[in-house]
Amino acid sequence: ETADGRVFDKEFADKLVTSLPYCPIVGFFSDIQDDFLGHNSKQFIYGIVKPDAQYGYEKDNEGKEWLVTEVMLYTDRPDNTGEVAKKIVGKPHSLELNPSNVKYEVFNEGGRRKIRFTEGSLIGLSVLGTNQKPAFTGSEFFMASDFSDMRERFDSFFSFLENIFITVPKKTAIGAISEKLKAMMRLVTVVPILAPITMPTAPE
């Protein structure tokens, strides 16, 4: 639930998940303010949610449940889009719902008027400026793992290579290496172009 009384329950969050694939990461970067301006009338696309992106619900240290998924940022582009995309990680973000299909119900709770979303889909994940507050405090773009963690995984892999060629036949070794690589691709987030986003869900 947001501070202004907008309720996103888990049932609605599950519906939003279906519109995550190919959902664009949008934003407007102001050279004057040297920061993003969220939900600006003019926005550009700096990435997408991958069609095969993994997602899931995770709880933070305070017990709040978040919907977390992966996005791909266009950081490898050798132009302004790439330069701006590199500034996204660490910024708060906000959901952009499709006005053509969003539905909600109004109710009163504790003398306060609230709305509960029942239907809808995403048309974008908007990058906010550092001083802009997202509807859900703590919702932001962040790295899944840092380079030190990646270095440790690759060091472990190279150690694995050295040992396997000494201890097993070549054909068996190749098969084992293939499985090891697949496992690494599942575990290692290849930064800088991947970063999960978070969206909290209301307790059931």
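**Notebook: strands, core and ring pairs in a predicted model**

I began with strand E9 and strand E10 (residues 112–119), which run antiparallel and are joined by seven bridges. I took strands as DSSP runs of E with at least two residues and helices as runs of H or I with at least four, numbered from the N terminus. Two strands pair if DSSP finds at least two bridges between them. Within this pairing, Val106 has Ile115 of E10 as its bridge partner.

Basis of the entries. I worked from a predicted model, in which local features need pLDDT of at least 70 and side-chain atom pairs count only at pLDDT 80 or more, while totals for chains, interfaces and linings use all residues. Residues are numbered from 1 along each chain as its sequence is written, and side-chain values use heavy atoms, with hydrogens and water left out.

**Entry 1: the sheet with E10**

I asked in what order the strands of this open sheet stand. The order is E1-E10-E9, three strands with mixed pairing. Strand E1 (6–7) and strand E9 (103–109) are at the edges with a single partner strand each, so one side of each has no neighbour in the sheet.

I then looked up Lys114, which is placed in strand E10. Is Lys114 buried or exposed? Lys114 counts as buried because its relative accessibility is 7%, where buried means under 20% relative accessible area, exposed over 50% and partly exposed in between (1.4 Å probe, protein chains only). Its side chain makes a polar contact with the side chain of Glu109 at 2.6 Å. A polar contact is a pair of N or O atoms within 3.5 Å; within protein, one must be able to donate a hydrogen and the other to accept it, and residues adjacent in sequence count only if both atoms are side-chain atoms. Setting aside residues up to four places away in sequence, I found Lys114 touching Glu1, Gly5, Glu105, Val106, Phe107 and Glu109; contact means heavy atoms within 4.5 Å.

**Entry 2: pairings of E5 and E7**

I followed strand E5 (residues 44–48) to strand E2 (residues 24–27), to which four bridges join it in the antiparallel sense. Ile25 stands opposite Gly47 of E5. E5 also runs antiparallel to strand E7 (residues 65–73), with two bridges between them, and Ile48 stands opposite Met72 of E7.

E7 pairs in turn with strand E6 (residues 55–59), antiparallel over five bridges. Here Lys59 has Glu65 of E7 as its bridge partner. The hairpin of E6 and E7 has five residues between the strands, and Gly63 in it takes a positive phi near 85°.

**Entry 3: the largest nonpolar core**

Which residues touch the most other members of the largest nonpolar core? They are Ile25, Val49, Ile88 and Leu125, out of 26 residues. Such a core is a set of buried Ala, Val, Leu, Ile, Met, Phe, Trp, Tyr and Cys residues joined through side-chain atoms within 4.5 Å. Helix H1 (10–17), E7, helix H2 (80–85), E10 and E11 each supply at least two residues of this core. Leaving out residues up to four places away in sequence, I list among the contacts of Val49 Leu20, Ile25, Val71 and Leu125.

**Entry 4: ring pairs**

I counted rings of Phe, Tyr and Trp (its six-membered ring) as pairs if their centres lie within 6.5 Å; planes under 30 degrees apart are stacked, over 60 edge-to-face and the rest tilted. The count by this rule is seven aromatic pairs. Phe29 and Phe36 form an edge-to-face pair, because their ring planes stand at 80°, with centres 5.1 Å apart. Phe36 and Tyr46 are also edge-to-face, at 6.5 Å centre to centre and 80° between the planes. Phe36 lies in strand E4 (residues 35–36) and Tyr46 in strand E5, so this pair ties together parts 10 residues apart in sequence. Phe36 is buried at a relative accessible area of 2%, and Tyr46 is buried at 3%. Elsewhere, ring pairs link Phe8, Phe12, Tyr104 and Phe117 into a cluster.

**Entry 5: Gly129**

I located Gly129 in the loop between strand E11 (122–127) and helix H3 (147–167). Gly129 counts as buried at 1% relative accessibility. Phe29 is 100 residues from Gly129 in sequence, yet their C-alpha atoms are 8.6 Å apart. Beyond its neighbours within four places in sequence, Gly129 is in contact with Asp35, Phe36, Gly38 and Pro92.
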